[in-house]
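Student: I have the model open. Can we go through some labels and check what each one rests on?

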Amino acid sequence: MVHPCGLLNSLQDPVPLKNISVNLSIREFVADVSATLNYENEEKFPVEAFFVFPMDEDSAVYNFEALVDGNKIVAELHDKMKAYAKYENAISQGRQAFLLEEDFSSRDVFCCNVGNLGTGSKAAVTLHYVQELPLQADGALRYVLPAILNPRYNLSGRSNSSSQMKTPAVPLKDLPYTFSMVATISSQHGIEKVKSNCALSPLEYLGDKKTDAQVSLADGHKFEGDVELLIYYFDVHKPSVAVEMGKPQTKPESLMREPTAMVSFYPDIPEAKPPITCREFIFLMDRSGSMQCPMGKRDSGRSRIDIAKETLVLLLKSLPLGCYFNVFGFGATYETFFQDSVKYTQHTMEEALRKLKVVQANLGGTEILSPLQSIFNGPAIAGHPLQLFVFTDGEVTDTFSVIKEVRRNRLRHRCFSFGIGEGASTSLIKGIARVAGGTAEFISSRDRMQSKALLALKRALQPVAENISLTWALPPGLSAKMLSPEQTVIFKGQRLILYAHLTGTMLPEEATGEVCLKYTLQDKSYENKVTFDLHPKHDANFTIHRLAAKSLLQVKDMGFRETPASDKKEVLEISTECGVISSHTAFIAISKIFNQPVQGPLVRREIPKPVLLGATTVMPKNSRGGQPRKLTPLYPSIFPKNDDEDINTCRRLMSNRELYSLVFGDNHLVQLISLQKADGSWDLNEGLAMVLGLSVEDLLAALPFENYDSSSWATILAVLWLNTNGQDLKDEWELLELKAVEWIRIHAGTLLKELVKAAIGLLKSPVDASILGL
């Protein structure tokens with residue numbers, strides 16, 4: 001018996017991808033990434049390798065090249081259809097060709113074709129991209145290298161998405177190629193520390209000032225999920241301006257010609273007290289079968305739907321009186337708690353919690369467009385602007401259609417989106433938040449969904465900074481022209497990055513300029529200024545120019561099918577002139593060396609893609625048309641047929657866990673929150689007594705005044721208990737406390753000081769009475 005050679009999949013087919021290596025360079029708020037895929041053909045005939053991989057939606061891919069048997073081939077960026085024709089023509093002539101394209105339906109999925117890799121040939125395919133790094137609530141910059149590509153739900157089988165092509169999907173531990181990453185970090189602010197969800201080598205400082213450092217993934221890294229780095233600088237909130245030299249030799253109207261400035265502000269927006277209550281809140285929760293599965297490999301005991309339900313309890317308890325609300329659940333169909341949004345009262349809150357308790361992840365696939373259209377077509381409530389909260393694992397293929405619908409209704413709502421679990425679509429989650437003036441958050445198995453959701457609710461209850469503008473103070477002969485799309489709102493705690501061309505005569509190195517951020521908040525005007533060095537710095541990669549181009553493409557480029565004809569020409573010009581890939585362009589690299597023309601079809605090898613969750617895949621036509629490719633998965637999917645089987649399999653995986661109910665168990669914090677009433681008060685009952693570790697009789701006996709309202713006493717005790725025992729999660733119950741304190745001030749009257757003193761003594765609490773306004 002003759003055994004096949006090389007790395008094999010379960011069908012005994014050789015896998016030509018050997019390893020992936022990533023070099024990451026982080027300078028201030030920007031990551032410049034070089035990812036190399038090393039292929040080797042150990043078969044006795046030429047092959048065409050096909051690899052689908054995820055990438056963050058904000059990534060601007062600007063270079064693609066291949067090194068084949070020592071010969072370097074640099075790709076050119078062309079109109080996508082022309083690139084396809086060049087690729088097919090090249091491999092039919094026996095030439096080696098490489099194609100890199102963005103997915104038809106989503107910005108965060110890419111496809112790499114390695115065509116006509118000859119017998120014994122080795123090819124190193126390298127792509128380069130840059131991206132802005134988002135700032136987290138704790139001041140960390142977050143970089144994620146996606147390793148997970150979850151199969152995405154295809155509406156009516158209409159997508160030609162490359163992520164839906166039946167590429168073999170394997171469990172993370174069985175991927176037949178290796179992975180490595182080295183990160184170099186540089187910041188004038190000083191590097192405090194680096195955290196990760198993966199094992200890292202010790203952080204190595206490259207100088208005495210802690211402004212440069214290096215770190216890498218520990219040896220033996222296994223694919224257990226996305227690779228996340230959290231980088232902490234010593235003074236991350238300081239405003240800054242960086243000016244980059246352009247390409248004077250390009251045509252006058254090119255984005256690459258003039259020096260470009262990248263302006264970063266972190267405005268200190270004051271907090272309004274009390275928060276605004278006149279809002280309508282709609283919570284749109286994913287109830288597809290995939291939501292029944294764990295957040296990640298490291299958290300096999302808790303399902304996504306369980307955590308989402310617990311988060312929704314907190315949100316419902318934290319809503320202010322006077323607002324309106326509703327809850328939608330969606331999958332292949334959708335359901336609502338109420339026919340229309342209802343006023344927030346004790347009765348409607350209790351009804352919503354009863355309905356939430358029996359919610360299951362049982363609505364089939366992930367079709368988010370229909371419920372969104374229902375929400376936007378619903379009646380508007382005068383004086384109560386809509387705040388939409390979307391919770392989903394993001395596994396849809398009609399991403400651009402969803403973003404287009406949200407953008408079409410952007411004037412009547414703000415959208416706060418949450419990507420749940422590894423593999424959630426960054427294109428969907430960031431896209432809907434960006435076009436509707438909200439914020440996007442991603443929740444991995446290491447994060448608390450509750451904290452991120454409550455932060456978004458706080459933002460939704462605060463007034464936003466509006467009438468945003470930049471004014472420039474520049475020397476005579478120099479002017480600034482904004483490149484970034486108009487920024488409509490800024491939230492407290494949010495960073496703002498803008499781009500501008502500097503045109504005119506550049507001055508000596510010592511020349512400086514000033515830029516001023518102006519905005520209004522509740523009819524008051526505010527300013528933030530920063531002085532900067534006007535002399536542009538040279539960057540061979542033109543990082544700032546390409547990020548500016550990406551920011552424009554994110555507005556103009558709505559996908560290969562959805563982009564309006566009036567914008568397509570501009571998208572093509574920006575993409576090709578700046579060398580940044582779009583949904584309308586593709587990188588094509590063709591060897592100048594002619595080999596023997598291929599006789600018959602190439603042998604096609606699908607590189608296995610990592611998946612965290614198994615799911616059903618569909619068989620669309622391939623991305624360039626033609627018949628579906630008849631490929632067999634490497635391994636049987638965990639969920640082989642439908643979403644009902646998803647749920648049954650997850651039941652087995654999660655042992656004896658109650659899948660569909662909120663189980664508070666010994667979590668006294670959750671118990672206490674569940675007892676709070678809509679107006680912010682607590683009743684004195686057995687439930688409260690159990691949390692406090694006392695009996696109802698003990699609580700009544702300690703009440704310092706006879707015939708006094710027991711609810712006021714109970715609410716004071718509850719607030720003190722929260723501050724004594726729940727400080728590490730205060731960001732999750734701050735709004736609850738705010739309601740409670742307001743209620744106490746109204747109802748406790750002149751006896752408040754004596755009541756608080758007695759409560760502190762009873763609970764033996766070290767908390768200062770000032771938390772209740774004393």
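**Labels and their grounds**

Tutor: Start with Lys 764, which lies in the segment after helix 16 (752-763). Keep in mind that this is a predicted model.

Student: Why is Lys 764 called exposed?

Tutor: Its relative accessibility is 71%. Exposed means over 50%. So Lys 764 counts as exposed.

Student: What makes the phi of Lys 764 worth a remark?

Tutor: Phi of Lys 764 is near 50°. That is a positive value in a residue other than glycine.

Student: Which other residue has a positive phi, and where is it found?

Tutor: Asp 523, with phi near 70°. It is not a glycine either. Asp 523 is found in the loop between strand 29 (512-521) and strand 30 (524-533).

Student: How do you know whether Asp 523 is buried or exposed?

Tutor: Take its relative accessible area, 81%. The cut-off for exposed is over 50%. Asp 523 is therefore exposed.

Student: Now Thr 543. What makes it buried?

Tutor: Thr 543 has a relative accessible area of 9%. Buried means under 20%. So the label for Thr 543 is buried. Its place is in helix 8 (residues 543-556).

Student: Why is the pair Thr 543 and Asp 539 called a polar contact?

Tutor: Their side chains are joined at 2.8 Å. A polar contact needs N or O atoms within 3.5 Å, one able to donate a hydrogen and the other to accept it. The pair counts as a polar contact.

Student: Which residues does Thr 543 touch, not counting those up to four places away in sequence?

Tutor: Val 30, Asp 32, Val 130 and Glu 244. Touching means heavy atoms within 4.5 Å.

Student: Why is Ile 716 called buried?

Tutor: Ile 716 has 0% relative accessibility. The cut-off is under 20%. Ile 716 therefore counts as buried. Its place is in helix 14 (residues 710-725).

Student: What surrounds Ile 716 in terms of contacts?

Tutor: Leaving out residues up to four places away in sequence, Ile 716 touches Ile 744, Leu 752, Leu 755, Val 756, Ala 759 and Leu 772. As for Ser 681, it is 35 residues from Ile 716 along the chain. Their C-alpha atoms are separated by 8.9 Å.

Student: On to helix packing. How do the axes of helix 2 (residues 304-318) and helix 15 (residues 730-747) cross?

Tutor: The two axes come within 9 Å and cross at roughly 25°. Angles under 35 degrees count as roughly parallel. That makes helix 2 roughly parallel to helix 15. The crossing is left-handed.

Student: Which residues meet where helix 2 contacts helix 15?

Tutor: Leu 314, Lys 317 and Ser 318 in helix 2 meet Glu 732, Leu 735, Leu 736 and Lys 739 in helix 15. By class, the contact of helix 2 with helix 15 has 3 nonpolar, 1 polar and 3 charged residues.

Student: Why are helix 2 and helix 11 called oblique?

Tutor: The axes of helix 2 and helix 11 (residues 668-675) cross at roughly 40° and come within 10 Å. Roughly parallel needs under 35 degrees, and roughly perpendicular starts at 65. Helix 2 and helix 11 are therefore oblique to each other. This crossing is left-handed.

Student: What makes up the contact of helix 2 with helix 11?

Tutor: From helix 2, Glu 310, Leu 314 and Lys 317. From helix 11, Val 670, Ile 673, Ser 674 and Leu 675. The contact divides into 4 nonpolar, 1 polar and 2 charged residues.

Methods. Residues numbered from 1 in each chain as written. Predicted model: local features only at pLDDT ≥ 70, side-chain atom pairs only at ≥ 80, totals over all residues. Heavy atoms only, no water. Axes fitted to C-alpha atoms, helices over the stretch in contact; angles between N-to-C directions. Helix = DSSP H or I, 4+ residues; strand = E, 2+ residues; numbered from the N terminus. Parallel < 35°, antiparallel > 145°, perpendicular 65-115°, else oblique. Left-handed = near helix turned anticlockwise from the far one by under 90°. Nonpolar A, V, L, I, M, F, W, Y, C, P; charged D, E, K, R; others polar. Buried < 20%, exposed > 50% of the residue type's maximum accessible area, 1.4 Å probe, protein only.
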